[in-house]
Amino acid sequence: MTDFLASLPLPYQDWALHALIWLPLAGLLHVVAAPAERARHIAFRWSAAVFVASLGLWWAFDPGPGGFALESSASWIDSWGVRYALGVDGISIFMVLLTTLTTPIAILGAWNYIDKRRKAFYSLMLLLQTGVTGVFLATDIFLFYVFFELTLIPMYFIVGIWGGERRIYAAVKFFLYTAVGSLLMLVAILYMYFASGAESFSYQAFLATELTMREQLWLFAAFALAFGIKVPVFPFHTWLPDAHVEAPTPGSVILASLLLKMGTYGFLRFLLPFFPGAVQHPTVVAIMLALGLIGIVYAAWVAAVQPDAKKLVAYTSVAHMGFVVIGIFALTVNGLQGGLMVMISHGVSTGALFLLLGMMYERRHTRLIEDFGGIGRVAPLFATVFVITALASIGLPGTSGFIGEFLALIGVFETHAVVAVVATTGVIFAAYYMLPMVQRIVFNPLDNPENRAFPDLSRREKVVLGPLVALMIWIGVHPAPFLTRMEPSVGVVLERVEAARVGMGGRAGAMEAVADPDVEGGRFRVDEAPEEEGAGSDEAAAPARGLAARGQTPSGIRAAMHPRWNAALCVAPCPNSWAIRAAARLACTAPRRSRCAPGIVHGLRDAGTEEG
Amino acid sequence: MEFAAFAPGPYTVVQDPAVQEAAGWEPFLPGLLLLLPLAGFIANGWLALRAASRSASALRTGADPDPFQGATPPRTHRWPTWIGPGALLLAFLVAMANFVGMSGADLHAPVVVPYWSWIATGSLEISAAIQLDQLSMLMTLVVTGVGFLIHLFSVGYMREDPGYPRYFAYLNLFVFFMLILVLGANYGMMFVGWEGVGLCSYLLIGFWFTDREKADAGKKAFIVNRIGDFGFLVAMFLLFGVFGTLDFQTIFAGAEQQMVAGGATVTLVTLLLMLGAAGKSAQLPLHIWLPDAMAGPTPVSALIHAATMVTAGVYMVARSSVLYAMAPASQAVVAGIGVLTALVAATIALRQHDIKKVLAYSTISQLGFMFLGAGIGAFTAAIFHLMTHAFFKALLFLGAGAAIHSMHHALHRAGSHADPQDMRNMGGLKTPMRTAWIAMWIATLAIAGIWPLAGFFSKDEIIWYTAAWAGAPDNPFGGLYTVYWIVAILTAMLTAFYMTRLMVMTFHGRSRVGAQARAHLHEAPRVMTIPLIVLAVLSVFGGWINVPAALRESVPGLYGVLPMSEWLHHWLEPVTHRATELQTAALGDKAHADPLAGLGEVAWALMSTLAAALVVVWAFRRLSARRYAPAAESGPPPGGLRGFLANKWYFDEIYDRGIVRPLVALSRWCWRAVDAAIIDGTVNLVGYATRLAGFAASLFQTGQATTYAFALTLGVLLILGAAVLL
């Protein structure tokens, strides 16, 4: 298969990644150009085509030593060294495949659910696909950031226009939460850009940037906040239940399966390699593990008492992502692999759960668990899929959920046994939240007469759920193809972390490095590793740090005076301010059922006049 | 007991022809053991979905949801009848073939058949592999053999249930997972089976899922089992931390090198495993799910909640015998939990009226005996009791099922809504149900420990070893084991009593079912009585495979008429000898300890069977004289000690008030107070504050140039001032 792909007239390896980014946009144009009643067909076909195109990655991607494969880049904004650079590695490949799989499934799953402004909806779905794929494929940090922000806008509108009753509150909450985090990340990115001195936003340049422990910790905090909100990590999780409950089914599916993964993906892709010192700082590790643990246990408890099925599943997402967080901050191969597996499994099983809940909503127009009961009697196939999905979600061995949780826990146990033991109670609490819901929906007496007419899965719905169920079982029974493809890249990340540990002379060194750096006349005096400190020569240490050597001022406020920085600030956050304005405008107009386009135009105009 | 010393060689992997030759035995299509039930599940599952879809569309259109009543089984039943039991029969034949092959070979190490690498990452490697050795072989025979009989019985018992195909699908799936559990070559595989059987138990307890109570019972079983699984998981993490693998062979071979005997690690591992076992095998304090599990169809109770799944904990402890032998403190805990559970459950069984509840508590009690056996290091005795218990308890459940089946029909015909499972409504069933009556008496005498039935030899061996263990010269817990021994004897007496009570209330005395229904009581169809007869035969002779050699020249041994082979001991030696060696090294040879002031095993055997027989006779005479009233006419529930026992020591109530309700309250508090009030409150407050600030700032947007000029001047002054001052 690999040879076949390479032997195509245009070798697959050359065009695959670009196609995954641009094909959805082409589809978007097609949707816009075609009549509204054809929108869903067109969108589905394009996204299905993208999925087929992406399947080649399974064979074309050679894990090799763990770096990026299928890399290609083109210049974009030369003056800042921004490049359009794509690549895929073991960490991103399954996220990409999950994206290309989830999008057509989400579109097909909500075939009749979206009944207004279909053109706009399916355009946004395809735009969202481009954004998410771009996040996972970009190897240029600037490009990554653009895609990261790009996902925000379509999701905002999907929740805000096609959502439930409190959609505006949910959409604005979602938007503001995420925007706050990503703005901080932007500052951190720019700081690193200048600190690297390479005049490049490339991943490699950022990797090569040497940072003091203190810088690492601050930058880590900015990145971690941005990604932590996305994950979401307790206590930044409250946007998620609202967004999930209000979002239309495909929105919930994409949100759970893909957008949350962008957070943990960011942890793996950026936090660990960029700030290897900070991520093993004992305080940082303690905080992250604690937040992950709280997510696992606390979110499980809160989930268990939700009367709204969608909200319940939303909270279980927080619990699942808690396993990812502790898996990652275990800083062991098993932990990271487990985290990645939980990400994949959660994408599949929670996506399927939201689809199922959407199907229930379409049939009964309610999300309250108590309105159901005895569905297994009238819709046996639906019930079977529901039970299998719920079991995969709570990690029954033989399903995908088990592999990830087991690996993550065993990985955490290797470094933090107590944390792992507490996290393992999540296994009990998973049964505590999931089984009562299953019982109250699928089992119990069929005592609500409205449920007697509950239709079983249609052919379309079988097509939607079939692949997901197959994946849950396949991954659970034979996860090796996934694990082997991921492992080298996970190894690369961990090697980098490990190297930093050696460089710092162990954990004690890391702590000293934090305690010591002091500011002298607006500059960092660089005293890093204890060995060097013992030598006591600032001059010897300083040249090693590109930043100090160039005599630049690393303080964020001062650097903001830099002309180039100003320019960057102007360009990058602009979409944000537009979007925020547009959001605010929409918040006022949408309840009055006005169309959305004028809202955007007004927002743009307002933004333009005020800033101009 | 003399054990030949075996060299702990490397374990056999089939792929390696050299080692294979040394073992002299190649397993016969072991994969079929798993594939047959799996194929049965898939086929039946497909049929079940089709049947259910059809009945659902009938329901949706308002037609009669149950399109048939009694007379002829509908078409949906035709295939599952053959596929369900057929898959099991074939699997049993494959197991038999392997058993014969294994007996012929002099196999000293397990044969491991790896299929694929299941989870492999970093240093972790769990392979999807099965392991054939004497212990897993024996368990496979029990699971497929007893399983087949129960499948056969189900054909009659479930004949009129519309969920028939689904029932056989679940049952086949259960056997598949149970075989993974016993055949798995590492703790990971065992855990797959472990949770898999839990899933099937959940599905089968709640088989009639539109009944809220039954669905509740299934859920309860799953959640309580997950508490045990928590222990199992953490034990696996610990084992992986110490050994870097979860393979049985590597762990058991390296246990002495990697861990200190009696040390904290091995003690912790074994205690955590015991937590898992307590969940699965319904031992204190996690026993509460099993009585509720009786909500499932009765053959399910026989197969899953008596003969096989609930014994998985005992199997696991026996499998990990090397680890337990290294942790005397854990052993004391295991034995203690076992004996305490045996006693508590037996006392509860004394006061239950539901025939299945009596049997459920009896099962918990007998499982307690098995854990006592495993805890004292008599692993063979524990497995022996596991096996005989599988025979007579399956028989008891199936016999009870036949009685319930008959009662249900009779009451249904008579239009009565009385509970067909309540023994107060039964009585006098021996006349219409002669086969069931005889079979049940055999099983009752067997469980009571009457010579020479199966239960006598197995239970006696456990009690005997407890005494021997208490007297072992170097036992640090000698006094404790003496207490265990006394409690075990007491429990054995209680067992004889409550089982006799069950028989008297069900089969003897006058019939309390009502004149109208009495005419409809009938013997079960042959497809149900044949399994009863086979199991009755096994309950009689099953114990003869392990008659102690010491009984040879004595009355209990019939002067050599019984086979004195101690066959099971020899059969399991390759599996248990290392644990026994370890214990003998640590505590001295317990076989030479002489409890009962030197009276020896013969005297002990005579005494115990006599005591049990006396209890049975006394209870029979006493209870037969009593006149029971039907449930509807019974007085208020008793108070005092009787009420305490009838209410199951209030375990459910205590857990409900102490754990369940506080947890739910805490969950609500987390949601309402923390999530909604504190976190979202803060978030919304920030939002309002921002809006307020924006409003305040908007006041400056007056549109008058003078205001702006004033602000500009003020700002310049401030900045200049700051620059000058700082």
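Modeller: First a term: a residue is buried if 20 or more other C-beta atoms, placed from the backbone, lie within 10 Å of its own, exposed if 12 or fewer, and partly exposed in between. This is a predicted model, in which local features need pLDDT of at least 70 and side-chain atom pairs 80 or more, while totals for chains, interfaces and linings use all residues. Residues are numbered from 1 along each chain as written, with chains lettered from A and ligands numbered from 1 in written order.

Colleague: OK. How many of the residues of helix 16 of chain A are buried?

Modeller: 28 of its 32 residues, so that helix is mostly covered. Helices (H or I, at least four residues) and strands (E, at least two) are DSSP runs, numbered from the N terminus.

Colleague: Where does helix 16 of chain A bend?

Modeller: At A:His346, by about 25°. That is the angle between axes fitted to the seven residues ending there and the seven starting there.

Colleague: And what follows helix 16 of chain A?

Modeller: A:His365, which has a positive phi, near 55°.

Colleague: Switching to strands. How do strand 1 and strand 2 of chain A run?

Modeller: Antiparallel: strand 1 (residues 69–77) is joined to strand 2 by six bridges, where pairing takes at least two DSSP bridges. A:Ala69 has A:Val88 in strand 2 as its bridge partner. Four residues lie between the strands of this hairpin, and A:Gly81 takes a positive phi near 75° there.

Colleague: Why call strand 2 of chain A largely enclosed?

Modeller: Because five of the seven residues in that strand, 82–88, are buried.

Colleague: What about A:Ala278, buried or exposed?

Modeller: A:Ala278 is buried, since 27 other C-beta atoms lie within 10 Å. The residue belongs to helix 13 (residues 276–279) of chain A.

Colleague: Which residues does A:Ala278 touch, leaving out those up to four places away in sequence?

Modeller: A:Gln216, A:Leu217, A:Phe220 and A:Val284; a contact means C-beta atoms, placed from the backbone, within 7 Å. From A:Ala278 to A:Trp218 the C-alpha distance is 8.9 Å, across 60 residues of sequence.

Colleague: Now chain B. What does its secondary structure come to?

Modeller: Chain B has 26 helices and three strands. Its C-alpha trace spans about 120 × 70 × 55 Å along the principal axes, and 55% of its 726 residues are buried. In helix 12 (residues 312–319) of chain B, eight of eight residues are buried, including B:Tyr315 and B:Arg319.

Colleague: How many residues does each chain put into the contact?

Modeller: Chain A puts in 51 residues and chain B 45. On the chain B side, helix 7 gives the largest share, 14 residues. That side divides into 27 nonpolar, nine polar and nine charged residues. Here Ala, Val, Leu, Ile, Met, Phe, Trp, Tyr, Cys and Pro count as nonpolar, Asp, Glu, Lys and Arg as charged, and the others, Gly among them, as polar.

Colleague: How many residues are in the largest nonpolar core?

Modeller: 479, and those with the most contacts inside it are A:Ala300 and B:Ala394. Helix 16 (residues 379–414) of chain B gives the most to this core, 22 residues. Such a core is a set of buried Ala, Val, Leu, Ile, Met, Phe, Trp, Tyr and Cys residues joined through C-beta atoms within 7 Å.

Colleague: Which residues is A:Ala300 in contact with, neighbours within four places aside?

Modeller: A:Ala319, A:Gly426, A:Phe429, A:Ala430, A:Tyr432 and A:Tyr433.

Terms used. Two residues are in contact if their C-beta atoms, placed from the backbone, lie within 7 Å.
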